[in-house]
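Me: Can you walk me through the burial and the charged pairs in this one? Start with the terms.
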Amino acid sequence: MSAPRLIPAEVIALIFTTLAPKDLYRCMLVSRLWHEVAEARLYSNVTLNSSFQSHDLLVQAVKTRKCLLRRVEWISNNDHRVLTADLLDILFDYRPDEPIDPFRFSNDNETKTTSPLAQLVFPHGPDCPALMHFSFSGGNERWQFLDSVLYSLTTLTTLNLAFPDDGGAIERLYLVDMERILTTFPRLKELSIVGWRHFYPRKAAVALEGRDETTGPRVQHCLESFTFDAALGCSQEPPQFGFFRRLGNLKKVTIMSEYFDYENSCSRRPWALGRTLRQYCPKLESIDVKGSVEFWLFDLPILPSDQIRHITALVEETLSTNQSDFSVDLEQEMTGEDEARLIKQLQEQEVGELLKGRTAEPFFPQLKTLLLGKDHWLSAQDLLSLGVQAQFLTRLEVRFPVVQSSRPWDVYERRAPAAAMRATHSSIPTIDTLVENRRLQKRRPFTTRDLKLFLQLCSSLRFLSLTGCSFSFEDLIDTSTTATTGTPVIQRWACEETLETLDVIFNIPATNPEAHRLVWKHLGRFSRLRSLTLSQSVLIPSFQYGVDGLLEGQMGKSLEEIRQLPEWWKEQDRRQLMLWFARNFARLRILGMKHIDDVVDGQRRDTLSEFLDDEEVKQCSIRHVFIEDK
């Protein structure tokens, strides 16, 4: 049993971080050294969830090892099996002489202030754990007690609070005192406050106006990551964002929303949040948006009605140039076809202005990472401006399609002075509306054409995931060069020399082998690409369809991983193609292929994996060849 002692405890601890709890239990039986290291690892991270079958046994075990605790997740299910006495014993090594009623501690929602009982700080015993990470998730039955527990954990570096809908009284919301949080946890690096059943008090923010007369300028907090609900951006009062004045070291924000309220969509203030972050958080470099959140990346000022001559001139020129084509009733309306033609002209004018980089002012000039989840609201204006001005952007993920509903795109700064300067520009109501939308700088959802322009402009990308949209062959074509030469040419991307990870969807007709060949050659231009994922792509990886175009550039020297290799390739090509990849891509170590079910003699069988048993395939340089999950 002496062999394990030859391994330094630090190395053993690092290995144990990859093990599941059941494996750690087994390691505790190997030796005294392994027992100490495994036990410290096992009881450093504990979840208190009364719905777990072994919850009571866990509580008793943790009580005798609470000094090992570093991370606690408290999930409250309103059944009170996590007793107050047990919780105080585990978190603070504190056993009160008299039972404490958690319902005495209240979060007064009527006056929007915290009651004196909620200000209580529990004493710490000699075995009190030095917690670094604390998470709470639960309904309002435990909110009354949360504050007194929370504000006694002064050593935290990570704090997560979740207030989901528990079916309780709709008027009961948890009061989040950001000023107290920042003061209580001076070492806090990560903070997450999500769930729609909470609110921020206005009066706590009002006190943060500028300079404190007694203490001087506000000391900047060390918080680097802040996750919050989209409701934070709904306030009509600027003091709502007052606590951001202390977050000058903030580097990452994550904005979440569980649902979207169409009725109150116009109460969102994406411009106010963007301007606040630009003013007080100059180090912000990462933005992650999850859910239905109106979030703007650029400030597009509303144009006064006396400064839109270039817009009205374009309308007049379009109508006069196409007078014979336009079917306009000068007193009432214009046809849908005429309206679409005019909208296109106005959008072309706007795109031209955005590409010059003079109309949009960035909220986040240091932006490096932008992640967009389900139901996002990335506008064409923001995307194009991002391509022109985001010189530090290295990671972009668009995981889902952009929301197409028209009503939420009607958001604009209604209180801006220029917004009230509405004037009649034409006797045709439709034209008047189009001009007003252009003047108000209303956003619109981006299209593949806008994405194509972005990719022609942004040269700093190293990670690109576009699983929220797909490219057809027509989307990729350079129309001007193709018109000149008479042969299809795919538009070059500005990031071909920098991109290292690409996850993209191509939808190329199987009846056009030449189109597939051009797309494979296009991918071959990415000379530094290390990981290629072709999620849900219709792109045939066979020699007949030009897969050898991947060797067009220097990709053969850099590619390390291929995922979701499409399934539209002949069975006899599979072994040959696998060995070709092994011969021509020296650094390729992972190859994941899409699953194929073939029906042979009326029975379904997996023919794709048969060639994987071939001895030559097993001995090739690709270490991990596998079939992706269905």
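Reply: Buried means under 20% relative accessible area, exposed over 50%, and partly exposed in between (1.4 Å probe, protein chains only). This is a predicted model: local features need pLDDT of at least 70, side-chain atom pairs count only at pLDDT 80 or more, and totals for chains, interfaces and linings use all residues. Residues are numbered from 1 along each chain as its sequence is written, and side-chain values use heavy atoms, with hydrogens and water left out.

Me: Is Arg246 buried or exposed?
Reply: Arg246 has a relative accessible area of 11%, so it is buried.

Me: Which residue does Arg246 form a salt bridge with?
Reply: Glu179, with the closest N and O atoms 3.2 Å apart. A salt bridge is a side-chain nitrogen of Lys or Arg within 4 Å of a carboxyl oxygen of Asp or Glu.

Me: What does the pair tie together?
Reply: Arg246 lies in the loop between strand 10 (225-229) and strand 11 (252-256) and Glu179 in helix 7 (residues 178-184), so the parts tied together are 67 residues apart in sequence. Helices (H or I, at least four residues) and strands (E, at least two) are DSSP runs, numbered from the N terminus. Glu179 is buried too, at 18%.

Me: How many salt bridges in the whole structure?
Reply: The search finds 30.

Me: New topic. Why is helix 13 largely enclosed?
Reply: Because 8 of its 11 residues (helix 13 is residues 429-439) are buried. Among them are Ile431, Leu434 and Val435.

Me: What follows helix 13?
Reply: Gln441, whose phi is positive, near 55 degrees.
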